[in-house]
Amino acid sequence: MFANKKELSKDSRKRAPATGVRTGSRVEDIKRSFLDNLFCSIGRVPRAATHNDLYTALALTVRDRVLKQGVRTLETYTKQDARVVAYLSAEFLPGPHLANNLLNLGIIDQTRQAMTELGVNLDELYAQEEEPGLGNGGLGRLASCYLDSLASLEIPAIGYGIRYEFGIFDQIIRDGWQVEITDKWLRFGNPWEIMRPELAFDVPFGGRTENWVDAQGRYRVRWVPDTVVKGVAYDTPILGYRVGTCNRLRLWKAEAVESFDFAAFNHGDYYRAVEDKMVSENITKVLYPNDEHGEGKTLRLQQQFFFVTCSLQDMIRIHTVLGRPLEKFHTRWAVQLNDTHPAIAVAEMMRLLVDKNQMDWDTAWEVTRHTFNFTNHTLLPEALETWPIPLFSRLLPRHLQIIYTINHRFLQDVRAQFPHDEERVRRMSLIGESGDRSVRMANLAAVGSHRINGVAELHTSLLKQNVMSDFAEMWPGKFCNVTNGVTPRRFIAISNPSLAQLLSDRIGAEWLWDLDQLRKLETFADDTDFQQQWRDVKHIAKCRLAELIKQRVGVTVDPTSLFDIQAKRIHEYKRQHLKVVFFPDYNVKNAQPIYPAADLSEQISMAGKEASGTGNMKFSLNGALTIGTLDGANVEIREEVGSDNFFLFGLTVDQVRELKACGYNPRHIYEQDAVLREVLDFVTSDALTGGDKNLFQPLIDNLLRSDPFLVLADYRPYVEGQAHVSTLWNDPQTWTRRSIINVARMGKFSSDRSIHDYCRQVWQVQPMHVRMEAIEPHSHGD
């Protein structure tokens, strides 16, 4: 780490001038600011500094420069009375901040030189940064891509979520089994966030409601809660790429209203003295607590209401501070519900407007349903959240009353539009009556939103045909499609710097903010020199991943072999029945070396189950060819890159439906296909299990008896598809050409394009330019 301690010590004696250095972009400015932060913010001298001290000092140095733009951004939004997008998501998966902010500021080279001159290795500081444990998978990563694009496109926006103390878990594999350990991502603190202790809101739970008629003769309801916790804001700046815009990710932490009961302590009851603190803080302890038991379900619902009410109260605070009438709230705010987790916002907005601000119901409902928009992310019925009525009534009694009222009025409209169709009324009701009564959160979001979107063309079509067909028939103009996208800044420029450099050398750097520029690569697809450079870049990425695999799991892989990779959360419909090398603890930090190294991307879910997927986009952007079904965004990727550049296999959505309708018999396929039979029999032997023949028997029984996701039906087409892969792999020139073409035609799948679509189809917001301080030329000295 300390390649030149004498240089570091010498420079540490230099004091920064009063102005121009704290946020300057020259090498000398960065060095001085870094040393100031090391001394003044951390209290360390260089020779005693740990890796984390040095990382933190650099993070604070970069944060100073980011926050300067954050202040300018807030001033601009306030002066110009901007309409703001509020993105509500139960999870965000931002990945490490340091490299991303250096890239967006345009000071990677200056910072690397500054660190080198101080004897510090910048790459080691990158490695030191913890992965923020704020998300689990695609939902959270998509939200973070969108925050990046919102800022880069100069769209006024704020992200709202939960500041989880612990992530979902850190995963290790021991003797073939998953072991879950605590993700202590905050154990060293988080230099990127700023606590706002003065920005806190009360969050009530439980209790009862009281009714009365006020002096004006209006029916009123008061919620008298059993308990109240406090939500405190923590802000993380989100800087756009080479623009002045710096938006915010505002996360909420739960605290007790009174964290210490002094009277109880004085009476010797030390546990009760801090009991409220412990119980309150549990709400934001862990991302996605286990909800198989009643306590877990309660905590999940508490988490959702907690961050929703804090966020809405914050928006109303901002709105009123700026002197705007609440009746015009929807004209200044476009609130996006990222799946059903924040859907309780519909009822909470009505409570805040009607109960807290004395707005009449009809006006409040107009404001509410023109404020919210709803993104559906799934076609799986079990993923459409419902909450048991007893739990809902116990935890949020006023909201249940509000939902009953919304439902009553809504079902009157349904009956008026579709008379004598009580089965339709039952399906569309916000209350599920089958079995135990429940609140249907997807239906609540649909009724209370101005627009509803799916996340891929196929997904949106199936959403309108199946999952939400009744709503689409009632409100056809409410539905639209916004195909997901990913940011090329994170998933090429940061993850694959060798490829980024090659692209910029050949077609210029405009692809970083206009991904359609990649089309220019087609000119070089048959250029043998460029093809060799392309293969060299891929080999560098594969060597890097091979080294990581050796370090993490002790397996040696050959970088010259075909890297066939699937990167997915575990779910049966994704058909993850093959594992050769399992790389544990998948997150953004671990994904960054994986996507660039892939030769082949596995996108093999049963058609009609994957909403979109974004891993397919990240792989293709980094030059991997795809073997996949016509599911999710695979359909659009294949349309863009061309059928010759995509290894298609498997049943289509219609064929899946027909096969299941005719009576699917997976055992018959097993009996007819000798190779498949040999594979499954091998799995049930003791060859893979150390003598335990029963270990995989439940898996095989499921495949042979029901096979709900048609693994056996698609097995033979998959094997044939892999044979085509092998044939093409043995022709490096043709493979490389197709790899180049894949990248060249991926412009559609930028999250920038997705945000343009949201702005145009859903939010009706416009960019707002924020002045940016010019970056000094990369030079050393004053």
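Figure 1. R424 counts as buried because its relative accessibility is 8%, under the 20% limit. The model shown here and in the other views is predicted. R424 forms a salt bridge with E473. The closest N and O atoms of this pair are 3.2 Å apart. The bridge links distant parts of the chain: R424 sits in helix α16 (residues 422-428), E473 in helix α19 (residues 469-474), and 49 residues separate them. E473 has 47% relative accessibility and therefore counts as partly exposed.

**Figure 2. D527 and R506 form a salt bridge.** The closest N and O atoms of D527 and R506 are 4.0 Å apart. D527 lies in the loop between α21 (497-507) and α22 (528-553), while R506 belongs to helix α21. This pair also links distant parts of the chain, 21 residues apart. D527 is partly exposed, with a relative accessible area of 27%. R506 counts as partly exposed at 28% relative accessibility.

**Figure 3. A salt-bridge network takes in R250 and D314.** Salt bridges with shared partners join R196, D235, R250, D314 and R317 into one network. Within it, R250 forms a salt bridge with D314, and their closest N and O atoms are 2.8 Å apart. R250 lies in strand β9 (residues 246-256) and D314 in helix α10 (residues 294-321), so the pair ties together parts 64 residues apart in sequence. Both R250 and D314 are buried. Side chains of opposite charge can pair when their charged atoms come close. A search of the whole structure finds 46 salt bridges.

**Figure 4. T76 is a buried residue of helix α3.** T76 is placed in helix α3 (residues 51-80). It counts as buried because its relative accessibility is 13%. A polar atom of the T76 side chain lies 2.8 Å from the backbone oxygen of R72. Leaving out residues up to four places away in sequence, T76 touches M768, H769 and V770.

**Figure 5. Helix α4 is mostly covered.** Eight of the eight residues in helix α4 (residues 98-105) are buried. They are L98, A99, N100, N101, L102, L103, N104 and L105. The elements that cover these buried residues include α3, α5 (108-117), α6 (122-128) and α7 (138-152). Strand β8 (227-239) and helix α20 (488-494) are also among them. Just after α4, G106 takes a positive phi of about 75°.

**Figure 6. Four strands form an open parallel sheet.** The strand order is β17-β18-β19-β20, and the pairing is parallel. β17 (564-565) and β20 (646-648) stand at the edges. Each edge strand has a single partner, so one side of each is left without a neighbour in the sheet. Two bridges join β17 to strand β18 (residues 600-603). D564 has L600 in β18 as its bridge partner. Helix α30 (residues 715-729) packs on the sheet and touches β17, β18, β19 (625-628) and β20. The direction of α30 makes about 165° with that of β19.

**Figure 7. Three strands form an open antiparallel sheet.** The order here is β12-β14-β13, with antiparallel pairing. β12 (386-388) and β13 (431-432) are the edge strands, and each pairs on one side only. β13 and strand β14 (residues 438-440) pair over two bridges. G432 stands opposite S438 in β14.

**Figure 8. I406 belongs to the largest nonpolar core.** This core has 116 residues. L88, F392, I406 and W763 touch the most other members. Helix α10 gives the core its largest share, eleven residues. Leaving aside neighbours within four places in sequence, I406 is in contact with V346, M350, W361, W365, L430, L444 and V447.

Definitions and conventions. Residues are numbered from 1 along each chain as its sequence is written. This is a predicted model: local features need pLDDT of at least 70, side-chain atom pairs count only at pLDDT 80 or more; totals for chains, interfaces and linings use all residues. Side-chain values use heavy atoms; hydrogens and water are left out. Buried means under 20% relative accessible area, exposed over 50%, partly exposed in between (1.4 Å probe, protein chains only). A polar contact is a pair of N or O atoms within 3.5 Å; within protein, one must be able to donate a hydrogen and the other to accept it, and residues adjacent in sequence count only if both atoms are side-chain atoms. Contact means heavy atoms within 4.5 Å. Two strands pair if DSSP finds at least two bridges between them. Axes are lines fitted to C-alpha atoms, for helices over the stretch in contact, and angles run from 0 to 180 degrees between N-to-C directions. A salt bridge is a side-chain nitrogen of Lys or Arg within 4 Å of a carboxyl oxygen of Asp or Glu. A nonpolar core is a set of buried Ala, Val, Leu, Ile, Met, Phe, Trp, Tyr and Cys residues joined through side-chain atoms within 4.5 Å.
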